[in-house]
Amino acid sequence: VTDPLRQAANQKEQPIGVFDSGLGGLTVVRQLQEQLPNESIIYFGDTARVPYGNKGAETIRRFSLQVVRFLEEQGVKLIVIACNTVSSVALELIQETAGLPVVGVIEPGARAALHLSNSKRIGVIGTIATIAAGKYPAILNSLDSEVKVFAQACPLLVPLVEEGWLDSPVTEEIARIYLAPLLPQKIDCLILGCTHYPLIKTTISKVINGNIQIVDSAIETALEVRRVMQRQGLLNDNTSRATQLFYVSDFPQKFEEVAQRLLGRPLVNVKQVNIDD
Ligand code: DGL
C-alpha cells in the first residue's frame, strides 16, 4: 500500500523540467536557481535541431512533444517551456498532452510589460515563429484593449547567441538594424520575446533609447513557476539536495563552454541523448 503522505513528499523532491531549443533556457534556469534554490532541475536543450524559430509550427510541435515525453520519463514534477517559440505554437498542445503542470514564458512576460508601460505602446522581439503566431499581441490585448503592440522578428540573433557572440560589434549592428523600425513607434517598453535575448541584453540596450524599459521574461517566468508550485503544493522543502542535470541532443562540449560563460561557473552534468526515435 502506498502512503499518500510519503508520495506527496517524494513528488515535491522531484526535479523541475526545463525545455529550450538550445542555450536560451539557461536564462530561466539562472532565475529558477535564484528564486527556488531548493529545486532540482533537469534541462533539455535541443542543440541538434536549434533554431526552432525559423521552422514551421507542425515541426516545432513534433519536436516539442518528443522533448516533453523525454522530460516526463525523467520523473519531473512540472515542466517549464523556457522557449517563446514553443510557448507560442505548442503550449496548449503540451498542456493537453502532458500529465503534469506546464508553465510557458509568454503570459508572464506580457503581464510584466503591462505593469511597466505607461504609454501602452509595447515593442516585442522574437523569432519568426513567435512573431508569426501573434501570441504576445493577443494576450496583451486580452488583458488591456488599449495596448498597441509593435512586433519585430529577429531571426539572426539566436544563432549569434548560440555561437557565444554576446557583445560583438556584429551582434550590435544586427540588433540595430532589427530594432530600427520599432524606435519611431515611441514604445516605452520592449519585451525580449525569446529566452536567448537576455544574454545580449547589454548589446540590445545600446541600440535603443535609454527610456525604453526591457522586459526579461526569464525573471517573470521563474516567479510564475513559484506561484504554480505553491498553489499545487509542489515546492520542495528539503533544503539539502538540489541537483542539476543538463541534457542536450548534440555537441555537449560546445554547450558546456558557452553555458559556463553565461552562468559564470562550469556545468558538471552535461549529457548527450538522442530523443528522435
Ligand atoms: N529560445 C527560443 C525562444 O525563446 C528560440 C530559439 C530558437 O529559435 O530555437 O524563442
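Q: Which side chain has an N or O atom 3.0 Å from a nitrogen atom of the ligand?
A: That's Asp20. Keep in mind that this is a predicted model.

Q: What about the backbone, which residues come up around the ligand's oxygen atoms?
A: Gly53 has a polar backbone atom 2.8 Å from an oxygen atom of the ligand. Asn84 also has a backbone N or O atom 2.7 Å from a ligand oxygen.

Q: And how much of the ligand does the protein bury?
A: The protein buries 99% of the 300 Å² that the ligand exposes when taken alone.

Q: How many residues surround the ligand?
A: There are 14 of them, and the closest are Ser21, Tyr52, Asn84, Thr85 and His196.

Q: OK, switching to Glu39. Where does Glu39 sit?
A: Glu39 is in the loop between α2 (26-35) and β2 (41-45).

Q: Buried or exposed?
A: Glu39 counts as buried because its relative accessible area is 4%, under the 20% cut-off.

Q: Which side chain does the Glu39 side chain make a polar contact with?
A: The side chain of Lys77, at 2.6 Å. Beyond four places in sequence, Glu39 is in contact with residues including Lys12, Ile16, Met229 and Ala242.

Q: Now the open sheet. What's the strand order?
A: β6-β5-β7-β8, with parallel pairing. The edge strands are β6 (148-153) and β8 (213-216), each pairing on one side only. On average, neighbouring strands of this sheet are turned by 25° against each other, direction ignored.

Q: How many bridges join β5 and β6?
A: Strand β5 (residues 121-126) pairs with β6 over 6 bridges. Gly123 stands opposite Phe150 in β6.

How values were computed: Residues numbered from 1 in each chain as written. Predicted model: local features only at pLDDT ≥ 70, side-chain atom pairs only at ≥ 80, totals over all residues. Heavy atoms only, no water. Helix = DSSP H or I, 4+ residues; strand = E, 2+ residues; numbered from the N terminus. Buried < 20%, exposed > 50% of the residue type's maximum accessible area, 1.4 Å probe, protein only. Polar contact = N/O pair within 3.5 Å; in protein donor to acceptor, adjacent residues only side chain to side chain. Contact = heavy atoms within 4.5 Å. Pairing = 2+ DSSP bridges. Axes fitted to C-alpha atoms, helices over the stretch in contact; angles between N-to-C directions. Near = heavy atom within 4 Å. Areas by Shrake-Rupley, 256 points an atom, 1.4 Å probe, with all protein chains shown as cover.
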